[in-house]
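Thanks for coming, everyone. Please take a look at the model on the screen.

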Amino acid sequence: MNENEQRNYPDSKVYHDGSHFIAIPQGSYPSGKGCKRRHTAIPTPEQSARKERFETAYKESKKIPYKQRDQFISDRLKDAIPDDTERIAFISENKDRKKRNLSKRYSLLWRKVRLQQWNWFCTFTYDSAKCTEEEFRVKLKDTLKKLVQRRGWKYIGVWEHGKDTDRLHFHGIFVIPENGMVGELETVSDYSTKRHRRQTKIQNTYFLKRFGLNEFEEIVKPEVEQSVKYLIKYLDKDGGRICQGGDIKPYILTNILGEDVITAYGAEDRKLLLFDDFICIDGDGVVHGKASPEVIEQMPKSN
């Protein structure tokens, strides 16, 4: 019997990495009282101004060709950082920071995605005769919030301005429970100016009446990753951010039995690689069963 089989791991956080379930036992990454914390100096007004200038230039640089972006940012910071060597180092350091933050956002997003059973990919746009762009943004947010509260919807999505029309629309993956749908789903046919052919799509009458054109595409598990990759394109586009609604967290909380651990995993063996059918046990010791979409839905979640 190996060491993992001899012990259990209460109050562990578990996520799915796309291939396997990974557990983070309590205390693997200590924080809080008594821990060494990294203290960062409070930035001076000059440092804050430089960072703000960089953030503005970095965002604006997204609109120009990739190879020209560094020079564009450098030109915008010349008066704030006259020394070329210092300016280049400053830009490099902050670009690395942006990449690390984006990587963390990607990782957290995937962990949230893989613990849900997504069933619809939806696109909403607006009819100018029904509302303005700002009204559309505010009213759709409010509508989705109410559907989360009253119908149990969950979603992760992005706002985007169309490349050709510059018209705002919203893309998202959704969990819409059985009997949670509003309106009627109708199959309609129209002409796609983008594809230059007729196409059929499913449209929801509830959203059509309130906002305008929309499309509901039913998705199955193999298509989820493709749908999420589509959304990810907008994570760093024009400062775009993923928004979400519903109880969507990246981890489930469970007690882990030693017999369900394959091996220690990751840096300094702080994580545990689990068998796919590990037993889910909540904090009160209630056994919910082997890991499955239905059992995972019952388990307490954590950020």
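This is a predicted model: local features need pLDDT of at least 70, side-chain atom pairs count only at pLDDT 80 or more; totals for chains, interfaces and linings use all residues.

I'll go through aromatic rings, then charges over rings, then a helix crossing.

Rings first. A pair of aromatic rings is described by the distance of the centres and the angle of the planes. The count here comes to 19 aromatic pairs. Take one of them, Phe54 with Phe90. Their ring centres are 6.3 Å apart, and the planes stand at 90°. Anything over 60 degrees counts as edge-to-face, so this pair is edge-to-face.

Where do Phe54 and Phe90 sit in the chain? Phe54 is in helix α1, residues 45–61. Phe90 is in helix α3, residues 84–113.

Phe90 has 15% relative accessibility. The limit for buried is under 20%, so Phe90 counts as buried too.

Now charges over rings. Arg111 puts its charged end over the ring of Tyr15, 3.7 Å from the centre. Arg137 does this with Trp159, with 5.0 Å to the ring centre.

Last, the helices. Helix α2 covers residues 69–77. How do α2 and α3 cross? Their axes come within 10 Å and cross at roughly 120°. The two helices are therefore oblique to each other. The crossing is right-handed.

Which residues meet there? From α2, we have Asp70, Ile73, Ser74 and Leu77. From α3, they meet Arg87, Phe90, Ile91 and Lys95.

Methods
Residues are numbered from 1 along each chain as its sequence is written. Side-chain values use heavy atoms; hydrogens and water are left out. Rings of Phe, Tyr and Trp (its six-membered ring) pair if their centres lie within 6.5 Å; planes under 30 degrees apart count as stacked, over 60 as edge-to-face and the rest as tilted. Helices (H or I, at least four residues) and strands (E, at least two) are DSSP runs, numbered from the N terminus. Buried means under 20% relative accessible area, exposed over 50%, partly exposed in between (1.4 Å probe, protein chains only). A charge sits over a ring if NZ of Lys or CZ of Arg is within 6 Å of the ring centre and within 35 degrees of the ring normal. Axes are lines fitted to C-alpha atoms, for helices over the stretch in contact, and angles run from 0 to 180 degrees between N-to-C directions. Angles under 35 degrees count as roughly parallel, over 145 as roughly antiparallel, 65 to 115 as roughly perpendicular and the rest as oblique. A crossing is left-handed if the near helix is turned anticlockwise from the far one by less than a right angle, and right-handed if clockwise. Contact means heavy atoms within 4.5 Å.
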